[in-house]
Amino acid sequence: QEHQIDQGAAITGLENTKTGIKISWEKPAGAAKYRLFRKSGSGWTKIADTTGASYTWTGAKSGTSYTFTVRCVNSAGTAFTSGYLSAGKTIRFIQAPSISSLTATSKGVKISWKKVSGAEKYRIYYKYKDTWKKIADSTGTSYTWTGAKSGTAYTFYIRCVSADGKKITSGVDTKGKTIKYKKP
């Protein structure tokens, strides 16, 4: 017996990831399946049906805001078993930055990346013993890190952050890009 759920599945999180926007929601007791919608024009467009409590939508364009809502549906997907939040929840998608080159210079490693639409600032990290160490924040698309030692390999990562640096606004390419630094 699939029963009516009053509020539907409230969205608990929207997060920019490397591949898209991850939508998370609570799972009300008695819900069989969830239908995700994205606001478009004057209505809602179905994205997907799922039995999980999260879904990553990959159709986002960087710098664009999207609004989502979730409704409960029966296991066959033929009838709604809940209402939904008509206002939805909104997030601005910021694409994960991609490192275009790492160059050994006499001063250190020059890290260059492609501009991301909607990005306010970029945060550069390097991998140190299985953890990420923040190097700097930059509003440009390159940065020369002077902490490199000749003969050592370094892996770099970049994320977008808010203008004040307090909020991470994009996903990250967790593979990063690696260079073995040799001082020219």
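Modeller: A residue is called buried under 20% relative accessible area, exposed over 50%, and partly exposed in between (1.4 Å probe, protein chains only). The model is predicted, so local features need pLDDT of at least 70 and side-chain atom pairs count only at pLDDT 80 or more, while totals for chains, interfaces and linings use all residues. Residues are numbered from 1 along each chain as its sequence is written, and side-chain values use heavy atoms, with hydrogens and water left out.

Biologist: Is Lys129 buried or exposed?

Modeller: Lys129 lies in the loop between β10 (121-128) and β11 (131-138); strands (E, at least two residues) and helices (H or I, at least four) are DSSP runs, numbered from the N terminus. Its phi is positive, near 50 degrees, in a residue other than glycine. With a relative accessibility of 67%, Lys129 counts as exposed.

Biologist: What is the phi of Asp130?

Modeller: Asp130 also belongs to the loop between β10 and β11. Its relative accessible area is 69%, so Asp130 is exposed. Although Asp130 is not a glycine, its phi is positive, at about 70 degrees.

Biologist: Which residue in β6 stands opposite Leu36?

Modeller: Strands pair if DSSP finds at least two bridges between them. Strand β3 (residues 33-40) pairs with strand β6 (residues 65-73) in the antiparallel sense, over 6 bridges. The β6 residue opposite Leu36 is Val70.

Biologist: Which residue takes a positive phi in the hairpin of β3 and β4?

Modeller: Strand β4 (residues 43-50) pairs with β3 in the antiparallel sense over 7 bridges, and Ala48 in β4 stands opposite Leu36. The hairpin has 2 residues between the strands, and the positive phi, near 60 degrees, belongs to Gly41.
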